[in-house]
Amino acid sequence: MNASPATNYAQRLLEESGLTSSHEPIGEMLVSIFLEEHYRLDGRLERLATEKDDTFRLSTDSGNYLVKVSPPDEAEAVVALQTAAMRYLETTAPHLPVQRVKLTAGGDDHVTIRLNDGRPRVLRVFDFVEGQVLADANPDAGRLAKAGEMLGLIDVALRPFTHPADRRGLAWDLRHFHQLTELVEHTPSPEHRQLARSVFRLFGDNVVPRLSDLETQVIHGDFSPYNIVVDPKSDHFVTGVIDFGDTVRSAVIFDPAVPMANLLGGTPDQPWRDACAFAAGYQRERPIHAPELPLLPVAALARLTLRALIMNWRAEHAPERRAYLLGHAKDDWINVERSLAVSLDEVVAHLGEARHGHS
């Protein structure tokens, strides 16, 4: 791994988030052996591109599964948090279409494996959620609101949930955003660096003074259009919620900020339209406190900027994942620029109307 100028807090946070090291991909043969031994599963493994895990689709005679092997620098307690949140939802809100964790033949929810370097890695098996992801579904405002409702329902269900590792350090958690300004230096374009600094200023002026009094709980953390499985023919629309890899205890408003960030700029002439449609649905199930509502668009801009910054930084440090990383963030700077051009007061007014319409 190349040495990075990102130091102290930023470096430590990136390390805790499992984002700093490249690791040798685990071989399919070894994964097959563990699946046979611990899960009594036998089938064809297909490697899937992901940000940091080794992830596979397993096709068997009895059905399909998703197999994940955590990166060696992700703490076992953090993986346990992710699994515990999914198991909690399965138990307390079984009607929600959250991906299910498959138990081993011995009744465990994971297998810890140690490779040659001695660092533990955690293998887990999940049901494979078939269907189209929201990112490919071209949803209208009504369907985006349905997706928002689903996240609202998940956050309501997770409200009482606690776990010893839920205060983990996570670079994606926006409560750390203002301490990651060093990442700007890894962005090649001067125009992009200027956009990033504008968003850091907005966040510093509006969100940072309020961080300590925002409502907090454990949140999904990455309800992106790639983690929402949908069926346009279904009345429910959302048929699956996957990937709890960024589960963390943080400010509630940071959860809807993630999908809103992903939806910014989808319609160039109205860059906030889709994000506001999602937020309207979210607030039907989990209303945002009126004093916190003005912070939501700033948080969405911060999240979109953070993704662009981290993806640029990661592409330097994990060249083997460069195409995947930069592909996910290819339009981010354009969308930041478009969204900043709109008065945030107008956006907040729109969010407030939606809130009053469903209070």
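The model is predicted: local features need pLDDT of at least 70, side-chain atom pairs count only at pLDDT 80 or more, and totals for chains, interfaces and linings use all residues. Residues are numbered from 1 along each chain as its sequence is written, and side-chain values use heavy atoms, leaving out hydrogens and water.

**The whole chain**

The C-alpha trace spans about 60 × 50 × 35 Å along its principal axes. A compact globule of 359 residues would have a radius of gyration near 21 Å, so the 20 Å of this chain agrees; the radius is taken over C-alpha atoms, and the globule rule is 2.2 Å times the number of residues to the power 0.38. Of the 359 residues, 55% count as buried, meaning under 20% relative accessible area with a 1.4 Å probe, protein chains only. Among contacts (heavy atoms within 4.5 Å) between residues at least 6 apart in sequence, 75% join residues at least 24 apart.

The chain holds 11 helices and 11 strands, which are DSSP runs (helices H or I, at least four residues; strands E, at least two) numbered from the N terminus. Three of the strands, in the order S7-S9-S10, form an open sheet with antiparallel pairing; strands pair if DSSP finds at least two bridges between them.

| Strand | Residues |
|---|---|
| S7 | 132–133 |
| S9 | 228–230 |
| S10 | 238–241 |

S7 and S10 are the edge strands, each pairing on one side only. Which residue of S10 is the bridge partner of Ile228? That partner is Val241, and S9 and S10 are joined by 3 bridges in all.

Definitions and conventions:
Buried means under 20% relative accessible area, exposed over 50%, partly exposed in between (1.4 Å probe, protein chains only).
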